[in-house]
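Please view the model alongside the text.

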Amino acid sequence: MTKLRTDEIKTGMILSCDLRSRDGRLLLPCGMELEEKHIQLLDRMGVEEVDVVGPSVELDNGALQDIEDYVRDYFLYSNPDHPAVMELFRIALERTASRVAAGWTLPTVEERRAQTVDHLEDLFLKDMGGPEEIAKNETELESFPDIYFRIREVLDSPNVSADRLATVVSTDVGLSAKLLKLVNSPFYGFPSSIDSISRAIALVGGKELSTLALGISTINYFKDIPPELINMEMFWRHSISCGIFSKLIAEQQEGIQSERLFIAGLLHDVGRLIMFKKLPYASREAMLFARENSIPLYEAEISVIGYSHTAVSEVLLKAWKFPENLSEAIDHHHDPMVRPNPLEPAIVHLADNMANAVGVADGGMYAIPGIEDGAWELLGLSSEFLREILGKHDEQIEQILSAFF
Amino acid sequence: MSLFSSSISLRKGVAITDDEFVQLRDFIYEKSGIFVDEKRKYLFESRFRKRLQELSLSSFGDYLKFLKFDSNRKEELVKLFELITTNETSFYRDIKQLDAFQANVLKEVIENIRKQGKSEMHIWSAGCSSGEEPYTLAILLYETLGMEAARWKIRITANDLSMAMIQKARDGLYNEYAMKTTPEQIQKKYFTMETGGWRIKPEVAKMVDFKLLNLNDALALKRVPRSHIVFCRNVIIYFDQDMKKKVINSYYDNLLDGGYLMLGHSESLHKITKAFKPVFYPGTIAYKKE
């Protein structure tokens, strides 16, 4: 099964699952062979992506070589002898090959360079605003969702009262719906369906559900980022991917609340959204610099802008009074090993690498950030484990994405 | 079922040792002023892989010896510079900066030259890559001077560290990517379409002298004619603080009084020098030598 953009669909491809409109109406059933009129329908309906199978393209040696070259390009910055990096390389290779076999065309070098945003102006010129200035207006909290504060209050109280939490969360219909979709998805794999927040709290736990609610309520804040700046769907797909991997890795570690790591993964790049809002042109320059030098965006931000998205999130999350252990994992997902307690940042660190590797086959743009010395050893995982959680990730990602957006 | 062999590895060539990396890094720095962070060790390993294979060398240690002692070391340096430079650029890159430059800086410089009863101008495009920037400047001058352009004597000296880039610039043939930020009427007016892409018109091309130049070569910098305007965009980002100071000072010396230095969007003279007067425009800062 491969997800293709509507403009990549060709006649003769077969739908691999029911295609529904946003309001849940069945548009085309699973198993249908697509004809020209169907493709036109998809286009008219504004459907962006479709799951299809074949007709599979035979991959000759030339095509395999192109795929290898394409994927290799994302890994130039990372240690080629690192067992986890090697495994991620193989994973990215296979996923890219299966997409190409299903009809996906590899993006050209030029398509992979960042778009220009010459009409957009930065609010700060170089050296006229550090992370504090960039985050400043964002920390004036009047525009922040009210529900966030109420959940934080519950979370900060010594004993999370299930009733109180249920009442608070239930006042926000959108948030409740998202949470219920999440707990009913393979992410939890509960055997029967959960139809109320109080039931969800009983099953997942009060603290855990509050953490999820807190993180998810934050997403709304970023709804107004202009779409020309960044492909928000790609951004949140990467974020959710990182969240799922973080949770799955956290489940292997003792004494870690895995929901918290899901939220840390989900929000690991929030600083980048603020940079896009305040420094659109410089952010684009950083993207170009990252591409032309085959380096991760994190390093390009430091070279071009002078500081990275994690420096921005540090200011931002502090001002939002985000739970400290959550901020820690978010703010240090690029340098976990410098921290006194590196475990949780290291989980998001590895998850970010995995999400990037998986993103290669989705037309991702940037080099895999690489795994810091010691982080992999600290987590004590095997490369087989990376394969294992990949399957689980794939089962979960679409449903979570559709629960949130 | 995988289409790739399960033993496919990420490593394709010989590994660089930490010691070799430091030596290569120091060598590059000494020759070009370009500073390579240790984090880019693996990147360099793969970037030099093909070159080592072409030379049938089996280690970076041997490559270093080749660079330092071989009778072809001079030619090899040219190759090395091509491997370490990048070339992200396009015509009319950073339109907001160029608009501010044309409407203010260029206008002022032209006025001043006129006041002196002269009609000669020199612009230095330092780090010109494949020529998009100096040709853009030539076009801006044509657009600004209009009919008068024919009477003016305008020279643009354009330099780069990579011989391949200089050759491409002299050739003057560009693909769509290079045109991505170019206004349509400019593209029609100053380029002709050919099978291989868009070619810059000869009347623009003849204003620009392309020459290989190493910004770390102090004597060579002194030989560049004195300028009214220096453009150096997205170049000093590759230098360390010392080298930044050295290069910026040489631009200061090169500029005529009242001349301007223009840097890349995300570059500034903060912590480098206070010699210039920063003049603020929407979207850019121009640095004036008073």
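This is a predicted model: local features need pLDDT of at least 70, side-chain atom pairs count only at pLDDT 80 or more; totals for chains, interfaces and linings use all residues.

## Volume and lining

How many cavities of 30 Å³ or more does a search of the whole structure find? There are nine.

In total, 28 residues line the largest cavity. Nearest its centre lie B:T86, B:G127, B:D160, B:N234 and B:V235. What is the make-up of the lining by class? Eleven residues are polar, ten are nonpolar and seven are charged.

## Helix pair α5 and α9, chain A

Helix α5 (residues 146-156) of chain A packs with helix α9 (residues 206-219) of chain A. Their axes are 9 Å apart, at an angle of about 160°. The cut-off for roughly antiparallel is over 145 degrees, so α5(A) is roughly antiparallel to α9(A). The crossing of α5(A) and α9(A) is left-handed.

## Helix pair α13 and α14, chain A

A second pair in chain A joins helix α13 (residues 280-293) and helix α14 (residues 297-304). The axes of α13 and α14 come within 8 Å. They cross at roughly 120°. That angle makes α13(A) oblique to α14(A). What is the handedness of the crossing of α13(A) and α14(A)? The crossing is right-handed.

Definitions and conventions. Residues are numbered from 1 along each chain as its sequence is written. Chains are lettered from A and ligands numbered from 1 in the order in which they are written. Side-chain values use heavy atoms; hydrogens and water are left out. On a 1 Å grid over the protein atoms alone, a cavity is a set of points where a 1.4 Å probe fits but cannot get out, and a pocket is an open set with protein on both sides within 12 Å along at least five of seven lines; lining residues have an atom within 4 Å of a point. Grid points are joined across faces, edges and corners, and a volume is the space filled by probe spheres set on the points. Ala, Val, Leu, Ile, Met, Phe, Trp, Tyr, Cys and Pro count as nonpolar, Asp, Glu, Lys and Arg as charged, and the others, Gly among them, as polar. Axes are lines fitted to C-alpha atoms, for helices over the stretch in contact, and angles run from 0 to 180 degrees between N-to-C directions. Helices (H or I, at least four residues) and strands (E, at least two) are DSSP runs, numbered from the N terminus. Angles under 35 degrees count as roughly parallel, over 145 as roughly antiparallel, 65 to 115 as roughly perpendicular and the rest as oblique. A crossing is left-handed if the near helix is turned anticlockwise from the far one by less than a right angle, and right-handed if clockwise.
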